[in-house]
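Hi,

Here is the structure I promised to send over.

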Amino acid sequence: MACPIRILTAVPICDGHDSAINTINLEFIRHGIEVVYLGFHRYVGDIVRAAIQEDVAAIGISSYNGGHIEFFADVVRQLKNKGAGDIAVFGGGGGTITHEDAAEMKRKGVDQIFFAGTSLQDMTDYVQKQYRRRKKTRTNSNRDLALARKLTELEDGFADRRQRPTHNRSIRNCKVIGFTGPGGAGKTTLIDELVLRFLQRQPKSRIAILSHDPSVIGEGALLGDRATMINSQDDRVFMRSMATRGQAGGLSPATESCLTLLAHSEFDYVIIETVGTGQEALPFRNKLVDQTVLVMNPDYGARLQLQKIVMLDVADIVVVNKTDLERAKAALSEIEQRLTQNKRKQGMVATVAKRHRDPGVDELFELITKSTSSPAQSRDFAAKALK
Ligand code: B12
Ligand SMILES: Nc1nc2c(ncn2[C@@H]2O[C@H](COP(=O)(O)OP(=O)(O)OP(=O)(O)O)[C@@H](O)[C@H]2O)c(=O)[nH]1
Ligand SMILES: [Mg+2]
């Protein structure tokens, strides 16, 4: 497998026109490109930070609400200032970007603008031709950039079959927490809320997030977790999105090596999110993480389904998220019974991750940061939460 091209796409601040970029993203991933999608209404600083951490070859911006000359130019300027001037900037905005505007934008360092009527095929061909072999400049003292480029080397080493997994057994100074659970259960939303608490309550701690999404047919991938991570757009957070690149089970062939590097890179916490997993998944082997969190959705089916979810036997903490939903009460009681049968000290927490200042998320934060509160107490808390 050749190393896929990685690009980042986004829509500028005060712009909600995301329909064009969604169509373009899909076309790119169908042609083997890995697209880190940052979402709409995004600041220049957040786009630049994300592009550096994700070590993409180029940033594609879709802009419709005006201000494109200044916005694109600012992205180019900030990339240069941070030593990442080798990341190209391209994009479009239908008829809102005129040919004169585009000429000025190119003078300011923008690589290419696509006008209304360009076919998706032409845009894909351009990306594949221009951004496959990127000439990287030497990394300077920018800490994120240097780390990001090492992660790319590791990841691409696996794609070229040069690398073998490095086992993560050496002593590390940070805590590694693994989040897994079915697709859409709320893993990313929950992690983002936890990051908010880390940032607020631990003024010096630095956090790394390794987030996984599946590669699709054609070997591209839509790496979309960043679009949900709002609080995590912060200089104290290093986030990296990884595609599974053909590996089943929830992680990528390079996860272990990348995790080893992050765990030795002066972070206080490293958080891993797996792809949405199935009943048989046991993604965290080889003592990969210090603590495992299984995030469940109350709509898992009937009580019988719980017997089949292997991760319920091994998770340190089980989070029942979306407890605002109707089935939550029954789910909490069924999951509690299932965990009691395990006769292990597993924590159980009821959360509504999409709600700000949710007491359940506070409780989970306590469980993760202090091993002093007993899991049994937290199970009581979860049960009481819905009484
Ligand atoms: C669809 C649309 C909407 C939808 C948006 C849905 C969504 N979620 O995206 C809705 C109805 C919600 C909407 C709302 C608004 N809209 Co509107 N909208 C449009 C419309 C009709 C089409 C834009 C589009 O998606 N085109 C489809 C894409 C695929 O094709 P394209 O634009 O030709 O782009 C080509 C290339 O440029 C390239 N491309 C585009 N982006 C990128 C990015 C990359 C990386 C690459 C490689 C290529 C590329 O791809 C295409 C290839 O052919 C345009 C008018 C128009 N006909 O362009 C107005 C338009 C953009 N909207 C406009 C306005 C004013 C608004 C509102 C402010 C209206 C209001 N008063 O409420 C709101 C603002 C919403 C917000 N929060 O920002 C104006 C902007 C005017 C301006 N900038 O001066 C326009 C131009 C309409 C007009 N003539 O007045 N809008
Ligand atoms: N009702 C409700 N919705 C929630 C809650 N938490 C998250 N969601 C929504 O659930 C959807 C999926 O959330 P994500 O955080 O992306 O879920 P995920 O588990 O990371 O998804 P994948 O990474 O695709 O497996 C989003 O629309 C969230 O807004 C919650 O507590 N209650
Ligand atoms: Mg997710």
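This is a predicted model: local features need pLDDT of at least 70, side-chain atom pairs count only at pLDDT 80 or more; totals for chains, interfaces and linings use all residues.

Residues are numbered from 1 along each chain as its sequence is written, chains are lettered from A and ligands numbered from 1 in the order written, and side-chain values use heavy atoms, with hydrogens and water left out.

The chain has 14 helices and 13 strands (DSSP runs numbered from the N terminus: H or I of at least four residues for helices, E of at least two for strands). Its C-alpha trace spans about 70 × 45 × 40 Å along the principal axes. Of its 387 residues, 56% count as buried, meaning under 20% relative accessible area with a 1.4 Å probe, protein chains only (exposed is over 50%, partly exposed in between).

Now the magnesium ion (ligand 3): its protein donors are Thr188 (OG1), Asp225 (OD) and Glu273 (OE), at 2.0 to 2.5 Å. Donors here are N, O and S atoms within 2.8 Å of the metal (3.2 Å for Na, K and Ca); water is not among the atoms, so sites may look incomplete. Along the chain the donor spacing reads T-x36-D-x47-E. Thr188 sits in helix H7 (residues 187-201) and Glu273 in strand S10 (residues 269-273), so this pair ties together parts 85 residues apart in sequence. Both Thr188 and Glu273 are buried.

As for H7, 11 of its 15 residues are buried, so the rest of the structure largely encloses it.

Cheers
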